[in-house]
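Biologist: Can you walk me through this structure? I'd like to start with the helices and then move to the ligand.

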Amino acid sequence: MEKLIITAAICGAEVTKEHNPSVPYTVEEIVREAKSAYEAGASIIHLHVRNDDGVPTQDINRFKECITAIKKEMPEVIVQPSTGGAVGMSNEERIQPVNLIPEMATLDCGTCNFGGDDIFVNTENTIKEFAFKMMGLNVKPEIEVFDKGMIDMALRLNKKGYIRDSMHFNFVMGVNGGISATYRDLIFMKESIPSNSTFTVSGIGKAQFEMAALSILLGGHVRVGFEDNVYLKKGTLAKSNGELVERVVRIAKELGREIATPKEAREILGLGVK
Ligand code: KMH
Ligand code: ZN
């Protein structure tokens with residue numbers, strides 16, 4: 001089986017220090033968390049950024065500052081900025097980090113309830129606009145899907161030429177409003193994507209490690225991190241993103257999957273290839 005790509009979603013936009021005091025806000029904290037994840041075996045850092053007070057921002061200069069600081073410490077790591085940002089942000093705000101021409105960025109492929117009155121809005125035209133921009137700059141989209149219909153949207157946009165082949169999906173499973181984090185649903189999602197695609201799985205909350213284990217067995221990849229889950233195990237907060245990555249590495253080793261380096265992750269994902 002292909003080596004396992006571990007992505008660390010170190011920060012997110014919704015989780016705060018009240019959920020876990022190690023959630024990073026400042027540039028220094030973001031570098032600390034990225035480093036802990038990288039040293040534990042993550043090859044991709046999925047990045048949201050905050051102002052020092054913790055308020056999420058998509059400001060291009062804040063992204064630039066954080067990416068430069070991460071790359072200074074870890075030149076080979078893949079940094080994947082979010083274009084989802086936080087619920088309620090405008091498209092203009094959200095797309096900003098793509099102008100830095102990162103190797104990858106997220107492309108959210110549908111609208112989703114996000115609990116309470118929150119709706120994460122991604123209209124068809126938004127998805128097309130973001131996909132078109134990423135294609136023009138040769139930024140590989142990680143196609144974020146919160147439900148099966150979002151896979152179908154990505155497949156339609158692939159046919160229409162907005163997304164290149166060898167698509168890479170992230171199945172986000174267990175959001176209050178999206179697909180559940182069950183074995184049946186993960187197998188359904190995997191069987192719904194083209195055979196030349198790759199996928200990673202983000203199990204939300206307590207589903208994180210069960211979904212990770214099943215993805216490892218199915219030949220998929222894994223995302224963990226504070227954005228999705230702040231607990232190492234029931235009742236125990238993770239001290240760092242690195243602790244979450246370490247747990248995935250232990251599970252993978254037991255299941256016979258080797259861990260990809262950033263260089264190997266680039267090869268698996270075809271980064272930089274047009
Ligand atoms: N924070 C969510 C509203 C992404 O990074 O592209 C969107 C999100 C997805 O986290
Ligand atoms: Zn995100």
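**Helices, ligand and charges**

Modeller: In this predicted model, the buried residues of α1 are V27, E29, I30, V31, E33, A34, S36, A37 and A40.

Biologist: What covers those buried residues of α1?

Modeller: The cover includes strands β1 (6–9), β2 (44–47) and β3 (49–50). Helices α2 (60–73) and α8 (241–254) are also among the covering elements.

Biologist: How far apart are the end C-alpha atoms of α1?

Modeller: They are 20 Å apart. That agrees with expectation, because 14 residues at 1.5 Å a residue should span 20 Å. Just after α1 comes G41, with a positive phi of about 135 degrees.

Biologist: And α4, residues 124–136: what should that helix span?

Modeller: With 13 residues at 1.5 Å each, α4 should span 18 Å, and its end C-alpha atoms are 18 Å apart, so the two agree. N138 follows α4 and has a positive phi, near 55 degrees.

Biologist: Which residues of α4 are buried, and what do they pack against?

Modeller: T126, I127, K128, F130, A131 and M134 are buried. They pack against α3 (91–95), β6, β9 (140–145) and α5 (148–159).

Biologist: Switching to the ligand. Which residues surround ligand 1?

Modeller: The surrounding residues are E14, H46, H48, S82, G84, G85, V87, T106, D108, F114, F120 and E227.

Biologist: Which polar side-chain atoms lie by an oxygen of ligand 1, and at what distance?

Modeller: For T106, a side-chain N or O atom is 2.7 Å from a ligand oxygen. For E227, the distance is 2.9 Å. For H48, a polar side-chain atom lies 3.1 Å from a ligand oxygen.

Biologist: What is the nearest side chain of opposite charge to D108?

Modeller: That is R94, 4.3 Å away. The salt-bridge cut-off is 4 Å. R94 is also among the residues D108 touches, along with T83, G84, F120, N122, I127, E144 and F146, leaving out residues up to four places away in sequence.

Biologist: How many salt bridges are there by this rule?

Modeller: The count comes to 17. One of them joins R223 and E144, with the closest N and O atoms 3.8 Å apart. R223 is in strand β12 (residues 221–224) and E144 is in strand β9, so the pair ties together parts that are 79 residues apart in sequence.

Biologist: Are R223 and E144 buried or exposed?

Modeller: Both are buried. They also belong to a network of salt bridges that links E144, R223, E227 and D228.

Biologist: Which partner does R32 have?

Modeller: R32 forms a salt bridge with E33, at 3.0 Å between the closest N and O atoms. R32 counts as partly exposed because its relative accessibility is 39%. E33 is at 2%, so E33 counts as buried.

Biologist: And R184? Which residue does R184 form a salt bridge with?

Modeller: D185, with the closest N and O atoms 3.6 Å apart. R184 is exposed, with a relative accessible area of 66%, whereas D185 counts as buried at 9%.

Biologist: Last one. Is I67 buried or exposed?

Modeller: I67 is buried, with a relative accessible area of 15%. I67 lies in helix α2 and touches L47, V79, P81 and L100, not counting residues up to four places away in sequence.

Technical notes: Residues numbered from 1 in each chain as written. Chains lettered and ligands numbered in written order. Predicted model: local features only at pLDDT ≥ 70, side-chain atom pairs only at ≥ 80, totals over all residues. Heavy atoms only, no water. Helix = DSSP H or I, 4+ residues; strand = E, 2+ residues; numbered from the N terminus. Expected span 1.5 Å × (residues − 1). Buried < 20%, exposed > 50% of the residue type's maximum accessible area, 1.4 Å probe, protein only. Contact = heavy atoms within 4.5 Å. Lys, Arg positive; Asp, Glu negative; His and termini not counted. Near = heavy atom within 4 Å. Polar contact = N/O pair within 3.5 Å; in protein donor to acceptor, adjacent residues only side chain to side chain.
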